[in-house]
Amino acid sequence: MNSNHPLFQLTRARLLIFVRDPSALFWTFGFPILLSIALGIAFRSRPPEPVTAAVEEGPRAEELARALSKNGEVKVNVLDSDEAARALRVGRVSLVVLPTEPVTYRFDPTRPESRLARMVIDSQLQLAAGRVDPAPIQEEIVSEPGARYIDFLIPGLIGLNIMQSGLWGIGWGIVETRTQKLLKRMVATPMRRRHFLLSFVLMRMVWLLMELPVLLLFGALAFGIPLRGSLLLLGATSILGALAFSGIGLLVASRARNTQTVTGLINLVMLPMFIGSGVFFSTANFPDAVQPVIKLLPLTALNEALRGIMNEGAGLVALLPQIGLLAGIAAITFGVALRVFRWN
């Protein structure tokens, strides 16, 4: 492209504005890396925590406590009746063992940690009483890159960053230009209107090509995050995701008159995807009734595609549903936004 071409000059100007904004650089590079470090440390691979329990005071309390604390799987204290009830109520322990005959377990079955404690504690006491399992078993412990929480998290953070950059970088940036009356002045210049809008999108594409390698390299060096699929496919999918969110950002900014309005609209668009698109936890945690809606969210499609490529080595054919959805959203949002865009 000719360096004097209006589209080249507009894109260059948008890039320079972005580079000279320290806060934009932090939210693009610094924030995802800091969040990855914090969550990677918090959910690092480590031995399972012992379950917490209390044994209520009674004739057999000390005997039961010794049996439970034998192999370190249970953290147990002997407490009086009132203190044990209070500890269970406030969540300091997951289960209370009553030294009755037979032994009584007091716990809340709606708490997953209480159900786990019930199984572990019952197994410990049964073994102490001489239980012999009729069917011998073997255990094979597995911990490998691709199956850890950090392997799930990094693609989600990349998708989240692409969404935020598209919505804030384009949506908020265009409306800020409009409120400063710069948009009206630019329309009066010889440039074509589509060049102005396209410059925002091209700026996002160029910046993504710098942003994505940094996040991938950090994940690989800091946590050993695998890339089992094609790097080219990963880059193409990320660009398609950036186009989809650029179109949404353009649509959000098409009629907003001030930054307060566009801020509310961006948050309204982002919040359902931030919560429901599987950035920090699996979308399988949501009820079956809302799964069709979750599957239609563009960030869900992007996250699933990125995780498929990075963790499972998925190819183009396996990702066609996600790629088709992102391409459709990009085409529709750009088409509608260009028709309804307000230049004044």
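Trainee: Before we start, what is a salt bridge?

Mentor: A salt bridge is a side-chain nitrogen of Lys or Arg lying within 4 Å of a carboxyl oxygen of Asp or Glu. Please keep in mind that this model is predicted.

Trainee: How many salt bridges does the structure hold?

Mentor: There are seven salt bridges in the structure. One of them joins the side chains of Glu101 and Arg60, with 3.2 Å from N to O.

Trainee: Where in the chain do Glu101 and Arg60 sit?

Mentor: Glu101 belongs to the loop between β3 (95–98) and β4 (104–106), and Arg60 to the loop between β1 (51–56) and α3 (61–68). They are 41 residues apart, and the pair links distant parts of the chain.

Trainee: Is Glu101 buried or exposed?

Mentor: Glu101 is exposed, because its relative accessible area is 69% and exposed means over 50%. Arg60 has 26% and is partly exposed.

Trainee: Why does Asp122 count as buried?

Mentor: Its relative accessible area is 18%, and buried means under 20%, so Asp122 falls in that class. Arg118, at 33%, counts as partly exposed.

Trainee: What about Arg111, buried or exposed?

Mentor: Arg111 is buried, at 16% relative accessible area. Its side chain meets that of Glu113 in a salt bridge of 2.9 Å, N to O, and Glu113 is partly exposed at 37%.

Trainee: Which residues are linked in a network?

Mentor: Glu83, Arg86 and Arg92 are linked by a network of salt bridges.

Technical notes
Residues are numbered from 1 along each chain as its sequence is written. This is a predicted model: local features need pLDDT of at least 70, side-chain atom pairs count only at pLDDT 80 or more; totals for chains, interfaces and linings use all residues. Side-chain values use heavy atoms; hydrogens and water are left out. Helices (H or I, at least four residues) and strands (E, at least two) are DSSP runs, numbered from the N terminus. Buried means under 20% relative accessible area, exposed over 50%, partly exposed in between (1.4 Å probe, protein chains only).
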